[in-house]
Amino acid sequence: MKGRFITVEGGEGVGKTTQLAVIQQVLASSGLECIMTREPGGTPRAERIRELLLTPTNEPMPATCELLLMFAARSTHLENIIKPALDRSVWVVSDRFTDATYAYQGAARGMPLTDISVLEDLVQRSLRPDLTLLLDAPVEVALERARLRNQGQQTDRFELERISFFERVRAGYLDRAAREPLRFRVIDASQPIAEVSASLRTTLEAYIAGAKVHG
Ligand code: Z5A
């Protein structure tokens with residue numbers, strides 16, 4: 001069976017990192033070799049770009065610079081980690097990918113979606129995720145979780161944004177999910193952790209059963 005490219009998306013604090021272990025466990029118990037990775041990041045160079053993107057500094061970051069850095073990190077991540085794994089028929093799970101760019105730099109920051117689409121084609125050619133798990137919860141719920149988790153830690157550049165920014169991120173994600181219902185599965189992430197895990201498990205097991213039929 002060929003490898004599949006799965007992305008996990010959702011706003012700040014919605015619970016993606018918490019649920020990655022469940023996803024990994026479902027894949028492993030189905031006998032599938034997989035790698036877990038993240039964006040921005042996933043390779044040493046891309047992790048350095050992540051630092052540039054997340055660390056607040058006195059120099060304002062133009063939205064265009066932010067957009068290009070996201071795709072610069074994605075390019076090295078794709079060529080050095082994601083594509084080689086898929087070529088070896090390994091499944092790849094990425095904590096965020098290009099839907100995050102459409103939601104954050106597009107819907108929230110206001111960069112034209114047509115510009116994002118041009119960069120997507122340039123960097124990814126025809127590669128798109130096979131399955132996207134969108135964890136969705138009201139913004140106040142997710143930000144409160146992030147706030148509790150971040151106590152005593154340094155705030156990153158995105159965490160400095162207002163609630164309206166994260167409302168636009170959420171709307172941007174839901175809009176993309178509505179446009180691509182075959183690729184997206186929207187998971188209600190406002191539930192307790194165990195219930196979100198159970199929904200993810202059921203969704204993923206059904207997807208894997210289908211993948212085993214199609215090869
Ligand atoms: N970004 C972008 O702008 N454009 C792009 O193209 C890409 C990214 C790829 C990366 O930050 C930032 O880059 C991100 C978007 C931007 N910024 N924002 N916002 P990151 O990777 O550091 O942060 P993140 O992706 O937003 O993830 P996060 O803040 O770490 O949240 P999370 O992984 O979704 O949540 P969590 O850490 O699993 O859970 C948060 C807390 O809630 C934690 O204490 C859990 O124990 C708790 N939790 C989790 N689930 C539950 C439930 N169900 N109930 C109760 N409590 C829960």
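Reader: Which residue follows H1, and what is its phi?

Author: Good place to start, keeping in mind that this is a predicted model. H1 is followed by Gly31, and the phi of Gly31 is positive, near 75 degrees.

Reader: What span does H1 itself have, from its first C-alpha to its last?

Author: Helix H1 covers residues 16–29, 14 residues in total, and reaches 20 Å, close to the 20 Å expected at 1.5 Å a residue.

Reader: How do I read the buried residues of a helix, and which are they in H1?

Author: The general idea first: an α-helix has 3.6 residues a turn, so residues three or four places apart point the same way. In H1, the buried residues are Lys16, Gln19, Leu20, Val22, Ile23, Val26 and Leu27.

Reader: Let's turn to the ligand. Which residues come nearest?

Author: There are 28 residues around the ligand, and of these Thr17, Thr18, Arg96, Thr101 and Arg149 come nearest. The side chain of Gln105 has an N or O atom 2.8 Å from a ligand nitrogen. Ile193 takes part through its backbone, with an N or O atom 3.4 Å from a nitrogen atom of the ligand.

Reader: How much of the ligand does the protein bury?

Author: Taken alone, the ligand exposes 1100 Å², and the protein buries 85% of that.

Reader: How many aromatic pairs does a search of the whole structure find, and how should I read one?

Author: The search finds six. A pair of aromatic rings is described by the distance of the centres and the angle of the planes. Take Tyr104 and Phe165: their ring centres are 6.0 Å apart and their planes are at 55 degrees, so the pair is tilted. This pair links distant parts of the chain, with Tyr104 in helix H4 (residues 98–108) and Phe165 in helix H7, 61 residues apart.

Reader: Are Tyr104 and Phe165 buried or exposed?

Author: Both are buried. Phe165 also forms an edge-to-face pair with Phe166, at 5.3 Å centre to centre and 80 degrees between the planes. Phe166 is buried too. Ring pairs link Tyr104, Phe158, Phe165, Phe166 and Tyr173 into a cluster.

Reader: Finally, where does Gln153 lie?

Author: Gln153 is in the loop between helix H6 (139–150) and helix H7 (163–179). Gln153 has a relative accessible area of 52%, over the 50% cut-off, so it counts as exposed.

Key
Residues numbered from 1 in each chain as written. Predicted model: local features only at pLDDT ≥ 70, side-chain atom pairs only at ≥ 80, totals over all residues. Heavy atoms only, no water. Helix = DSSP H or I, 4+ residues; strand = E, 2+ residues; numbered from the N terminus. Buried < 20%, exposed > 50% of the residue type's maximum accessible area, 1.4 Å probe, protein only. Expected span 1.5 Å × (residues − 1). Near = heavy atom within 4 Å. Polar contact = N/O pair within 3.5 Å; in protein donor to acceptor, adjacent residues only side chain to side chain. Areas by Shrake-Rupley, 256 points an atom, 1.4 Å probe, with all protein chains shown as cover. Phe/Tyr/Trp six-rings, centres within 6.5 Å; stacked < 30°, edge-to-face > 60°.
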